[in-house]
Amino acid sequence: MAIAVNATKESLAVAYTNLGAWISLHTADPGTTGTSEATGGSPAYARKQTTWTAGSSDGVVTGSQVTFDVPAATYAYVGLWSASTGGTFIDKVAITSTTMSAQGQILVTPTFTQS
């Protein structure tokens, strides 16, 4: 059932953002543990920290845009973590598959919507 009260949606969305702020890129479905995370490159790939908004009382929170340095590969998922390395894998989302033929950058603006 969908949540009808906006204040409840907002509270749940904020609780979600409190779980983690580290964004990752993945070359395949990371499953429930965060596998297939990008590696390598020069400059080297690393998770990036986002800053979540306070929301707008409608259950939608948006993080600040992050820029990943990535080696040549195809990237298909974004993940959410509790730490810059290691940590707890929180969630994943499929993205439009992006193929890099050489070292480059991918920009991601994370958004979460509680319905």
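## Sheet

Val 78 has Val 93, in β6, as its bridge partner. β5 and β6 run antiparallel and are joined by 8 bridges; two strands count as paired if DSSP finds at least two bridges between them. Strands (E, at least two residues) and helices (H or I, at least four) are DSSP runs, numbered from the N terminus.

The open sheet has 4 strands in the order β2-β1-β5-β6, with antiparallel pairing. β2 (48–49) and β6 are the edge strands, each pairing on one side only.

## Basis of the model

The model is predicted: local features need pLDDT of at least 70, side-chain atom pairs count only at pLDDT 80 or more, and totals for chains, interfaces and linings use all residues. Residues are numbered from 1 along each chain as its sequence is written, and side-chain values use heavy atoms, with hydrogens and water left out.

## Aromatic pairs

There are 3 aromatic pairs in the structure; rings of Phe, Tyr and Trp (its six-membered ring) pair if their centres lie within 6.5 Å, and planes under 30 degrees apart count as stacked, over 60 as edge-to-face and the rest as tilted. One of them is the stacked pair of Tyr 16 and Phe 112, at 3.8 Å centre to centre and 10° between the planes. Tyr 16 is in helix α1 (residues 6–17) and Phe 112 in strand β8, so this pair ties together parts 96 residues apart in sequence. Both Tyr 16 and Phe 112 are buried, meaning under 20% relative accessible area with a 1.4 Å probe, protein chains only.

Notes: Buried < 20%, exposed > 50% of the residue type's maximum accessible area, 1.4 Å probe, protein only.
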